[in-house]
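Good morning, and thank you for coming. Please look at the sequence and the model on the screen while I speak.

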2 protein chains.
Amino acid sequence: MNASKLPHVVIVGGGFGGLTAAKELAHATARVTLVDRSNHHLFQPLLYQVAMAGLSPADIAVPIRSVLRHAENTSVLLADVTAADLERRRVQLEDGTALGYDYLIVAVGAKTNYFGHDEWSKWALGLKTIDDAVEIRRRVLLAFEAAEREDDPAVRRRLLTFVVIGGGPTGVEVAGALMELSRFVLADDFRRIRHERPRVVLVEMANRLLPGGFDETLATSAKAQLETLGVEVRLGSRVTGIDGRGVGLQDETLESTTVLWTAGVRAKSLTATLGAKTDRAGRVEVLGDCSIPGHPEAFVIGDAASFVPKGSTRPLPGVSPVAMQQARFVASLIAARLRGDTEPAEFAYFDKGIMATIGRSRAVAQTGKLRLSGLLAWLAWLLVHIWYLIGFRNRFIVLFNWAWNYVTYKRGARLITGERATSRALALAAQGSDVPATRS
Amino acid sequence: MNASKLPHVVIVGGGFGGLTAAKELAHATARVTLVDRSNHHLFQPLLYQVAMAGLSPADIAVPIRSVLRHAENTSVLLADVTAADLERRRVQLEDGTALGYDYLIVAVGAKTNYFGHDEWSKWALGLKTIDDAVEIRRRVLLAFEAAEREDDPAVRRRLLTFVVIGGGPTGVEVAGALMELSRFVLADDFRRIRHERPRVVLVEMANRLLPGGFDETLATSAKAQLETLGVEVRLGSRVTGIDGRGVGLQDETLESTTVLWTAGVRAKSLTATLGAKTDRAGRVEVLGDCSIPGHPEAFVIGDAASFVPKGSTRPLPGVSPVAMQQARFVASLIAARLRGDTEPAEFAYFDKGIMATIGRSRAVAQTGKLRLSGLLAWLAWLLVHIWYLIGFRNRFIVLFNWAWNYVTYKRGARLITGERATSRALALAAQGSDVPATRS
């Protein structure tokens, strides 16, 4: 059969969802094109480790092409999909060309959500991409360098205060790792500031940590574990303003030059071009088979989709297992349709549990009726992540790096790089006006 | 004794010279301040591996603070020294403050030299810093991505032609590694261009490779080894022009969108502020004890110095062993003077030999009367670099990464990152007008 006559499946996005779909379709009787605007797949659960200088970007990222090199029916295209035209069955690329499809899988993921306050993005750094993580690393390390040079104790205080906004899993992980980085690793290396106590403040709007999913008992445990580390936890605190000097809460101002934002995500702009109904976070409300209403050949999976299971009112959470299971479902549906077989009717999510780490050797985890916290939860977390890193090229190096850090209490990737690595950036950091160069 | 009354040694630069000097002075009766404008020490001999996506930046860089954390008399300052005032014995920092000294060691290294054609720096990328290496990696990987999307065979040809200017050790190493990356690693991953042959052209002005230091026989061997790999070597070729379309030689135009420049270095601008005599490359002409004439308390070492050994007319080469040996000499001289002991009179360089790799398993090396080429030279190169990586925090990871690449023929760090990672950058690459964002 002429390859160009085969049905064409276009997958937009090379994250957990898109990549899984491509792998599953590797032996389908179809041409597959995976389009992503970056050349690498990212192991997002460890991205905070890059931001905290524990791992290098390449430890948790792998070229999409490499992963799919043996999928002979698959092409990988580095391109930005700007819109999708469901009626004419094609997607628009940034260079003006279009790509026709017979089947479409939208798996573009999510981006940081500032809930209408995009002006805060200048000061409150999100953590979704490698560039985000490297920028956070640069800012955190520069804050210590600037503090070491600073004579004014008030400015030094501001430089050594880190605010993390959002008490979900990412916020908890970042706050814990940041406290450890500050206390154990950096404090030893700085002659002048080594006796000062860096502050890490975690701000959450709800009256508990880890809202949405985790048990209340684990939320209480997570708070206690964070406080043992030295993190200050502010619950029920609404952010009223953020600028270069710090964060305003209802009843308090936190003076800080380094603010991280993990308070929420929203769908990327492509979903808005589909002409389908979306929820408040911009996610496409899909049918039971993950397709877009009225378009049985077009699917949305993962963080870009709002999938409400039968009998539930809440959409599935934006976590990688959902994306991967939906990818497998949709791939098998498309493969069945191509073969003329009976299609699976409805996607059902199998929830294996959720977990969050709190620094080295602390965590919370729940699966089924089981609730874990502390060291045992952390070991479970480690096991699960080792397991999921299998198939990932860099798993040995990641483990090695971890082990190394654990034994030596050093950090593997404490690099300040980029055009604003020094001097002026340092002065700006002290003034609290170091605006990131690139925010998307 | 009051610490602030101790003599103050200021070291400018945290490369091989500056860092060695600081380590040697760790137990001297002096306060030591090491100033560098970046926070990391770089293992420069493997920088080309970062540019060729074989290693991550953090594999070959280590925070200067970490290295010196146990040197209690030493402070590390992240700052840019803009000038030195030898009469008033102080150095000027970029923020307007000054730092007084009793002894000064200038070890600022060198930067890429375009020999009066700074306008070429836009197109012909130098390789001296981590940012340089990451930019080269981005450009090389983007060229392949752009070629995969390109319909015009002429443009595709230009995208798949890489020109390396300068046939010294770095040029030879880069050309060999680039050919291997192109042939064995990338070519497999690209559906459309996998049957095209990427070209790597190495251009050298002299009539031989590796001029200045290496034996003629090894130069001939290096050329043969490169040609076996598939590199085209152009000897006796003078560059007449470089722009976004390629490189003009006297008798030929090489159409290429990716041009690398390894043709020479010159001293950094700080050396010009010393008021001392400099050579054509801006290096300070120092006395036999590495001091600046008329200033027995101020020394210049490494690439920033022009040191002509007694009985010779040629200055020592800009290689790390020279910098490290000079650092030890100057540190022992200062320590002796502080103790009131007899000072060593004159620095003498002990030449252990020189070597250059040509991709995986090929190299040339000479030491004393011994001349090696091919696999044996490569094993010698490997041994020496493993040896010198000892003391370097990342040695295990570096070795592991190497081993991994060697076994799997994959690349560890094939990431395209930064604001211009995709879309527009891709289009610009095809047009040959992708100007790097940051050149210093």
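Through how many residues does a hairpin join β16(A) to β17(A)? The hairpin that links β16(A) to β17(A) runs through two residues.

Before I continue, a word on the source. This is a predicted model, in which local features need pLDDT of at least 70 and side-chain atom pairs count only at pLDDT 80 or more, while totals for chains, interfaces and linings use all residues. Residues are numbered from 1 along each chain as its sequence is written, and chains are lettered from A and ligands numbered from 1 in the order in which they are written.

Let me begin with chain A as a whole. Its secondary structure comes to eleven helices and 26 strands. Here helices (H or I, at least four residues) and strands (E, at least two) are DSSP runs, numbered from the N terminus. Of the 440 residues of chain A, 54% count as buried. A residue is buried if 20 or more other C-beta atoms lie within 10 Å of its own, exposed if 12 or fewer, and partly exposed in between, with the C-beta atoms placed from the backbone. Among contacts in chain A between residues at least 6 apart in sequence, 65% join residues at least 24 apart. Two residues are in contact if their C-beta atoms, placed from the backbone, lie within 7 Å.

I now return to the hairpin and its sheet. Strands of a sheet pair through backbone hydrogen bonds, either parallel or antiparallel. In this work, two strands pair if DSSP finds at least two bridges between them. In chain A, three strands form an open sheet in the order β15-β16-β17, and the pairing is antiparallel. The edge strands are β15 (239-243) and β17 of chain A, each of which pairs on one side only. On average, neighbouring strands of this sheet are turned by 15° against each other, direction ignored. Such angles run from 0 to 180 degrees between N-to-C directions, and the axes are lines fitted to C-alpha atoms, for helices over the stretch in contact.

We can follow the sheet strand by strand. β15(A) pairs with β16(A) in the antiparallel sense over four bridges, and the bridge partner of I242(A) in β16(A) is V247(A). Strand β16 (residues 246-249) of chain A then pairs with strand β17 (residues 252-255) of chain A, antiparallel and over four bridges. There, L249(A) stands opposite E252(A) in β17(A).

A second open sheet in chain A has three strands in the order β24-β25-β26, with antiparallel pairing. Its edge strands, each pairing on one side only, are β24 (354-357) and β26 (370-373) of chain A. The twist averages 5° from one strand to the next. Strand β25 (residues 363-367) of chain A pairs with β26(A) in the antiparallel sense over four bridges, and T367(A) stands opposite L370(A) in β26(A).

Next, the helices. How are α6(A) and α7(A) placed against each other? Helix α6 (residues 169-186) of chain A and helix α7 (residues 216-229) of chain A pack at an angle of about 20°, with their axes 9 Å apart. The angle therefore makes α6(A) roughly parallel to α7(A). Angles under 35 degrees count as roughly parallel, over 145 as roughly antiparallel, 65 to 115 as roughly perpendicular and the rest as oblique.

On the α6(A) side, the contact is made by V172(A), A175(A), G176(A), M179(A) and E180(A), and on the α7(A) side by A222(A), L226(A) and L229(A). By class, this contact of α6(A) with α7(A) has six nonpolar, one polar and one charged residues. Ala, Val, Leu, Ile, Met, Phe, Trp, Tyr, Cys and Pro count as nonpolar, Asp, Glu, Lys and Arg as charged, and the others, Gly among them, as polar.

I close with two single residues. R139(A) lies in helix α4 (residues 130-149) of chain A. Is R139(A) buried or exposed? R139(A) is buried, because 21 other C-beta atoms lie within 10 Å. R139(A) and A51(A) are 88 residues apart in sequence and 9.5 Å apart in space, C-alpha to C-alpha.

In chain B, A365(B) belongs to strand β25 (residues 363-367). A365(B) counts as buried because it has 23 C-beta neighbours inside 10 Å. Leaving aside residues up to four places away in sequence, A365(B) touches G353(B), M355(B), L372(B), A377(B), A380(B) and W381(B). A365(B) and F347(B), by contrast, are 18 residues apart in sequence and 25 Å apart in space, C-alpha to C-alpha.
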